[in-house]
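Hi there,

Here is the structure I promised to pass on to you. My notes on what turned up in it follow below.

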Amino acid sequence: MAIEDDDKPRKKVSHEIGQDLSLLSVEELTERVALLTTEIARLEEAATKKRASRDAADSFFKK
């Protein structure tokens with residue numbers, strides 16, 4: 001029956017900004033929230049590192 005479906009690889013979750021959400025289940029929406037939350041944290045970390053590099057360069061060249 002549905003046992004064969006469990007063996008199929010799951011499609012990788014992706015999200016497109018502005019995508020129609022009406023066709024997604026609660027579980028799919030929850031997965032996307034988790035995905036986007038992780039991505040936001042990754043972006044914030046990258047911005048913090050770049051800011052620190054820029055500040056260090058500014059500090060070095062202003063002396």
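This is a predicted model: local features need pLDDT of at least 70, side-chain atom pairs count only at pLDDT 80 or more; totals for chains, interfaces and linings use all residues.

Residues are numbered from 1 along each chain as its sequence is written, and side-chain values use heavy atoms, with hydrogens and water left out.

By those classes, the largest pocket is lined by seven charged, two polar and two nonpolar residues. Among the lining residues are Arg-10, Lys-11, Lys-12, Glu-27, Glu-28, Val-13 and Leu-24. The volume of this pocket is about 230 Å³. (On a 1 Å grid over the protein atoms alone, a pocket is an open set of points where a 1.4 Å probe fits, with protein on both sides within 12 Å along at least five of seven lines; lining residues have an atom within 4 Å of a point. The volume is the space filled by probe spheres set on the points, which are joined across faces, edges and corners.)

The chain has two helices and zero strands (DSSP runs of H or I with at least four residues, and of E with at least two). Of its 63 residues, 3% count as buried (under 20% relative accessible area; exposed is over 50%, partly exposed in between, with a 1.4 Å probe and protein chains only).

There are three salt bridges (a side-chain nitrogen of Lys or Arg within 4 Å of a carboxyl oxygen of Asp or Glu):

- Glu-39 with Arg-42, at 2.7 Å between the closest N and O atoms. They sit three residues apart in helix H2 (residues 26–62), so about one helical turn separates them. Glu-39 is partly exposed at 30%, and Arg-42 is exposed at 52%.
- Lys-49 with Glu-45, at 3.3 Å from N to O. Being four residues apart in helix H2, they too are separated by about one helical turn.
- Asp-55 with Arg-54, at 3.8 Å from N to O. Asp-55 is partly exposed at 42%, and so is Arg-54 at 48%.

Best wishes

Methods:
Ala, Val, Leu, Ile, Met, Phe, Trp, Tyr, Cys and Pro count as nonpolar, Asp, Glu, Lys and Arg as charged, and the others, Gly among them, as polar.
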